[in-house]
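Hello,

Here is the structure I said I would pass on. Please have a look, then read my notes below.

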Amino acid sequence: MRRDEPILRVQDVAHFYGHIRGCEGVSFELYGGEVIGIVGESGSGKSTLLSLLSARLAPSSGQVHFRNRLDDEIDIHAISEPERRLLMRTDWAFVHQNPRDGLRMGVSAGANVGERLMAIGHRHYGNIRNQATDWLSKVEVDTGRIDDLPSTFSGGMQQRLQIARNLVTQPRLAFMDEPTGGLDVSVQARLLDLLRSLVSTLGLSAVIVTHDLAVARLLAHRLIVMKDGRVVESGLTDQVLDDPQHPYSQLLVSSILRT
Amino acid sequence: MTTMVKLRNVGKSFTLHVQGSVNIPVFENLDLEVAAGECVALLGPSGAGKSSLMRMIYANYTCPAGEILVRHGDNWVDMAAGDAHLILDVRRQTLGYVSQFLRVIPRVSTLNVVMEPLLTTGVSEADANVQAQAILQRLNIPRRLWSLSPMTFSGGEQQRVNLARGFVQQRPIMLLDEPTASLDPENRRVVLDLINEARANGAAIIGIFHDADARRQLSSREFDTTQFTQVAA
């Protein structure tokens with residue numbers, strides 16, 4: 001479950017939008033069963049970095065390597081488009097900030113979850129429906145709504161559905177962009193618990209972009225703090241939050257409201 | 001006995017960039033060795049850096065000067081060097097830290113909170129369950145509370161859940177920050193026994209015990225952090 005070799009190796013990646021720096025000089029390694037959080041204010045390059053790591057955006061320079069199920073290290077930006085699509089269907093999950101970007105709004109909730117299973121070869125309708133039902137209840141979506149369209153769901157329910165759709169195929173690496181942003185706190189807690197248990201029992205790895213430092217503390221083993229497209233500090237989550245070194249990290253941490 | 005923890009020339013100060021870059025010196029040139037089976041009590045008034053030192057050993061605080069070597073299996077790991085992946089492994093297998101406050105995901109049951117450290121080291125769900133139940137029982141957390149989140153518990157109950165999570169697994173090095181604060185006499189007794197048993201089993205223990213009587217009963221040696229206090233420049 002936990003290996004000696006990293007599952008994701010990021011080497012000095014950068015992306016420029018014309019002359020504008022999206023992000024630059026980012027390197028890190030992520031291991032099986034580890035969660036890394038990317039924090040920073042809007043416009044700091046968090047989402048650009050996430051897109052580079054998940055092959056949604058080509059880097060201006062640098063490389064990203066992923067260790068697949070066969071234990072081969074592949075350069076995710078060098079492989080062919082079909083290979084990349086296969087990765088996205090099997091080993092990877094991507095949870096968008098806006099659930100409408102990650103769901104198919106024209107098919108039912110059950111189909112949204114089930115079609116991910118069908119895409120990797122599941123054929124037995126009963127099993128697919130059972131797994132879909134199981135995952136809806138895991139993310140606390142009323143299973144009586146399985147045949148309804150996501151467009152009839154609230155934003156929070158859509159987000160939970162998106163998470164179920166992504167995790168049903170047991171990916172090995174999940175990319176998440178503000179996954180708990182629009183959720184009620186009680187549902188947020190349930191999801192944190194769910195993700196945490198997938199990480200500790202199945203060895204799921206995740207890269208999570210968030211600006212909620214409380215979520216980062218509970219979920220991420222390590223943190224990267226970004227500002228103006230660069231990493232200003234990185235390290236163990238509790239170390240970065242309890243003993244931040246960089247002036248910007250200190251400002252970020254000291255600005256949290258405590259309840 | 002085998003040396004488990006070696007601190008060499010350790011120094012620490014805090015720079016508060018948000019508050020006019022004030023520099024707060026804590027200590028410098030601090031040396032400390034702790035062997036298996038020892039219990040070292042950190043001494044010094046509030047602000048002398050006892051908790052900071054403990055947090056530095058756990059790598060919760062950075063260590064800007066010196067080395068903090070921890071025996072991890074057959075290797076020495078420098079907790080000051082900042083290899084996050086390695087430090088996480090040291091925390092899972094070797095080094096336990098019972099802080100004064102419990103920090104958990106809301107809605108997770110007490111039983112699951114206590115099982116978690118075992119599950120992350122690969123213990124089966126069934127075994128983790130049995131061990132977690134045993135330690136909760138020993139710390140007198142009523143069974144009817146096990147399925148509830150500890151966030152709603154009283155201070156003393158939360159502290160015992162924290163201790164249960166720290167002691168559910170036998171780790172070779174334990175850091176204890178005021179483990180008996182806010183406990184009633186009966187539970188205090190249980191915790192003293194747990195600590196002494198861990199020590200008898202060869203654990204190296206570093207603790208802060210303001211409770212002088214507990215300190216006498218537990219510690220094999222005292223270590224005064226004020227001798228390394230850095231004089232403000």
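Domains first. Chain A is assigned two domains: domain 1 (1-7 + 16-91 + 172-259) and domain 2 (103-170). Their bounds come from an automatic or database domain assignment.

A word on the model. It is predicted, so local features need pLDDT of at least 70 and side-chain atom pairs count only at pLDDT 80 or more, while totals for chains, interfaces and linings use all residues. Residues are numbered from 1 along each chain as its sequence is written, and chains are lettered from A and ligands numbered from 1 in the order in which they are written.

Back to the domains of chain A. Their C-alpha centres lie 25 Å apart. In contact are 13 residues of domain 1 and 14 residues of domain 2 (contact: C-beta atoms, placed from the backbone, within 7 Å). On the domain 1 side, α6(A) gives the most, with 6 residues. Helices (H or I, at least four residues) and strands (E, at least two) are DSSP runs, numbered from the N terminus. That side of domain 1 divides into 8 nonpolar, 2 polar and 3 charged residues. Here Ala, Val, Leu, Ile, Met, Phe, Trp, Tyr, Cys and Pro count as nonpolar, Asp, Glu, Lys and Arg as charged, and the others, Gly among them, as polar.

Next, the two chains. Their contact takes 22 residues from chain A and 18 residues from chain B. On the chain A side, α6(A) gives the most, with 7 residues. The chain A side has 7 nonpolar, 8 polar and 7 charged residues.

Now chain B. Four strands form an open antiparallel sheet in the order β2-β1-β4-β5 (strands pair if DSSP finds at least two bridges between them). Its edge strands are β2 (22-35) and β5 (75-78) of chain B. β1(B) (residues 3-16) and β2(B) pair over 10 bridges. In β2(B), Ile24(B) is the bridge partner of Phe14(B).

Last, helix α5(B) (residues 155-167). At 1.5 Å a residue, its 13 residues should span 18 Å, and its end C-alpha atoms are 18 Å apart, which agrees. The expected span is 1.5 Å times one less than the number of residues. Is α5(B) mostly covered or mostly open? Mostly covered: 10 of its 13 residues are buried (20 or more other C-beta atoms within 10 Å of the residue's own, all placed from the backbone). Phe167(B) is one of them. The buried residues pack against β6 (95-98), α3 (110-120), α4 (125-138) and α6 (185-200) of chain B.

Best wishes

Terms used. Two residues are in contact if their C-beta atoms, placed from the backbone, lie within 7 Å. A residue is buried if 20 or more other C-beta atoms lie within 10 Å of its own, exposed if 12 or fewer, and partly exposed in between; C-beta atoms are placed from the backbone.
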